[in-house]
Amino acid sequence: MGNRGTLLLLVVVLFSALVASVGAYEYEEEKSEQRTQGEKWFLLRQLHNVVKTDAGSMRMVKGGYRPGSFLHSPMHIGFISMEPNSLFIPQYLDSDLVIFVHHGEARVGHIYRDELAERSLKQGDVYTIPAGSAFYLENRNENQRLRIICSIDITSESMGWHAFQSFFIGGGIHLASVLAGFDHTTLSTALNVSTVELKTFLTRQTSGPIVHLSGSHDTNIWTNFIAQECHKKLAHLKRIVNSAEEASPKEEESTWSLRKFLCTLLSRKGFVKRMNHEALSSYNLYNRKPDFKNEYGWSKNVDESDYSPLQISGNGVYLVNLSSGSMMAPHVNPRAIEYGVVLKGTGRIQIVYPNGTLAMNARVREGDVFWVPRYFPFCQIASTNGHFEFFGFTTSARRNHQQFLVGKNSLMQRLRGPEFAAAFGIGEKRLKRITNAQHEQVILPSSSPTPGDKAIYEF
């Protein structure tokens with residue numbers, strides 16, 4: 001009987017242990033599923049090729065509604081890479097474009113007040129191109145690759161064919177010019193050329209939207225065109241523009257802009273000299289003094305009061321550098337959605353749902369893109385093996401006024417009082433001790449995590 005009782009007790013203990021282990025496994029599995037789901041929603045890691053040639057590429061992570069959620073990301077983030085001595089051929093978009101030169105130097109030309117304006121851009125420059133404004137990009141450097149990060153707004157006017165739509169003015173076989181869509185008889189009549197010559201004109205370029213400016217038959221079309229005398233270029237381009245005007249008379253404003261763009265595109269020396277003082281300026285983010293700085297890192301924020309062209313897109317830009325192990329204190333953006341691109345190092349991004357549960361705790365590295373919905377609390381933490389730098393866009397060009405939840409001069413300190421203490425179910429003295437324990441603000445120093453916190457800070 002004693003042996004039977006002992007055996008029964010052993011079975012109960014083993015069963016209890018099994019139930020406990022299953023429960024713990026289910027709890028960890030649930031937490032893992034939540035983490036995975038959060039990463040699917042808030043990390044934008046799936047790059048899509050928009051264009052790709054041997055002279056360069058444009059890739060993009062898409063915004064829109066996140067799968068299986070109510071969350072909507074209103075912006076795509078694009079990455080343009082161009083080989084030395086290359087051209088992203090003239091085009092216009094159905095979305096505003098804010099570009100940031102991450103590496104190299106560029107020359108951008110686009111329509112501004114119905115005239116062609118050009119700007120030379122260097123590393124760290126920010127520049128805005130309005131939707132519908134024809135533009136092109138050049139990498140004139142003979143030895144250096146150009147890398148650009150850009151924001152692409154998802155507009156209500158977008159036709160939905162793709163994430164956004166490019167309309168290429170020049171083109172050929174692999175990527176057609178907008179002129180190629182007109183009936184060939186109509187277009188040849190408008191150009192006053194034969195249909196045979198028209199077919200050659202529309203199909204001769206085979207290199208795609210990013211071309212080398214020297215080195216092959218196809219790309220030498222652009223080089224030869226640039227080398228033509230002014231009156232020959234103008235005569236050639238006027239025929240193209242007049243054909244578009246005759247084929248589509250309702251598009252007078254767009255055609256006028258197209259005429260101005262094409263007719264001054266490459267005969268621009270004196271004109272650019274006259275126009276550039278009036279054209280949109282660029283803004284160098286690297287040259288800006290930090291808006292906040294301490295021994296643990298710095299941050300820079302640019303809005304429309306600093307750089308007025310941001311009013312066009314309604315976006316802001318920022319740059320943050322955290323030293324090893326430091327943290328951008330938990331905070332909230334009350335005015336804007338935030339997008340971030342990791343430029344250097346590794347770190348973690350933590351995002352919290354409105355109900356106080358962890359939405360995401362993800363390790364990020366160079367090239368990763370994350371986004372944070374408006375009002376969602378979040379923080380960024382640098383790994384312990386080096387600096388963590390990230391650049392990004394916000395969906396408001398107005399001053400953001402980030403609300404920091406903890407640290408010196410934070411919301412916790414401003415709300416300190418009996419009501420706030422009662423909300424936590426503690427006394428005022430204890431609340432005061434907790435809120436005053438952190439002497440730093442905005443960017444906080446690293447600390448040695450307790451064993452229970454090790455997974456959060458482990459890199």
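User: What makes β16 and β17 a pair of strands, and in which direction do they run?

Analyst: In this predicted model, three bridges join β16 to β17. A pair of strands needs at least two bridges, so β16 and β17 qualify as paired. The two strands run antiparallel. Across from S299 of β17 stands F292.

User: Why is S299 called buried?

Analyst: The relative accessibility of S299 is 7%. The cut-off for a buried residue is under 20%, and S299 therefore counts as buried. This residue belongs to strand β17, residues 297–302. Beyond four places in sequence, S299 is in contact with P290, D291, F292, L319, V320 and M328.

User: Which order do the strands take in the open sheet, and what makes β16 and β23 its edge strands?

Analyst: Six strands make up the open sheet, in the order β16-β17-β18-β25-β20-β23, with antiparallel pairing. The edges are β16 (292–294) and β23 (369–372), each of which pairs on one side only. Direction ignored, neighbouring strands of this sheet are turned by 15 degrees against each other on average.

User: How do you know that β20 and β23 are paired?

Analyst: Four bridges join β20 (residues 338–344) to β23. Since at least two bridges are required, β20 and β23 therefore count as paired, and they run antiparallel. The bridge partner of G340 in β23 is F370.

User: On which faces is β23 covered?

Analyst: Both faces of β23 are covered. V369 and W371 lie on one side, F370 and V372 on the other, and all are buried. W371 also belongs to one aromatic cluster together with W41, F42, Y339, Y353 and F376.

User: Why is the aromatic pair of F370 and F390 called edge-to-face?

Analyst: The structure has 15 aromatic pairs by the ring rule. For F370 and F390 the distance is 6.1 Å centre to centre, with 70 degrees between the planes. F370 lies in β23 and F390 in β25 (residues 388–394), so the pair ties together parts that are 20 residues apart in sequence. F370 is buried at 0% relative accessibility, and F390 is buried with a relative accessible area of 0%.

User: Why is the pair of F420 and F424 edge-to-face?

Analyst: The ring centres of F420 and F424 are 5.1 Å apart and their planes stand at 85 degrees, so this pair is edge-to-face. Both residues lie in helix α10 (residues 418–424), four residues apart, about one turn of the helix. F420 has a relative accessible area of 17%, which is under the 20% limit, so F420 is buried.

User: How many disulfides does a search of the whole structure find?

Analyst: The search finds zero disulfides. Among the cysteines, C150 is buried with a relative accessible area of 0%, and C379 is buried with 7%.

User: What is the mean pLDDT of the protein, and over which residues is the pLDDT below 50?

Analyst: The mean pLDDT is 75, and 63% of the residues reach 70 or more. Residues 228–245 have a pLDDT below 50, with 33 contacts beyond near neighbours in sequence. Residues 263–275 also stay under 50, with 25 contacts beyond four places in sequence. Where pLDDT is low, the predicted coordinates should not be read in detail.

Notes. Residues numbered from 1 in each chain as written. Predicted model: local features only at pLDDT ≥ 70, side-chain atom pairs only at ≥ 80, totals over all residues. Heavy atoms only, no water. pLDDT = per-residue confidence, 0-100. Contact = heavy atoms within 4.5 Å. Buried < 20%, exposed > 50% of the residue type's maximum accessible area, 1.4 Å probe, protein only. Disulfide = S-S within 2.5 Å. Axes fitted to C-alpha atoms, helices over the stretch in contact; angles between N-to-C directions. Phe/Tyr/Trp six-rings, centres within 6.5 Å; stacked < 30°, edge-to-face > 60°.
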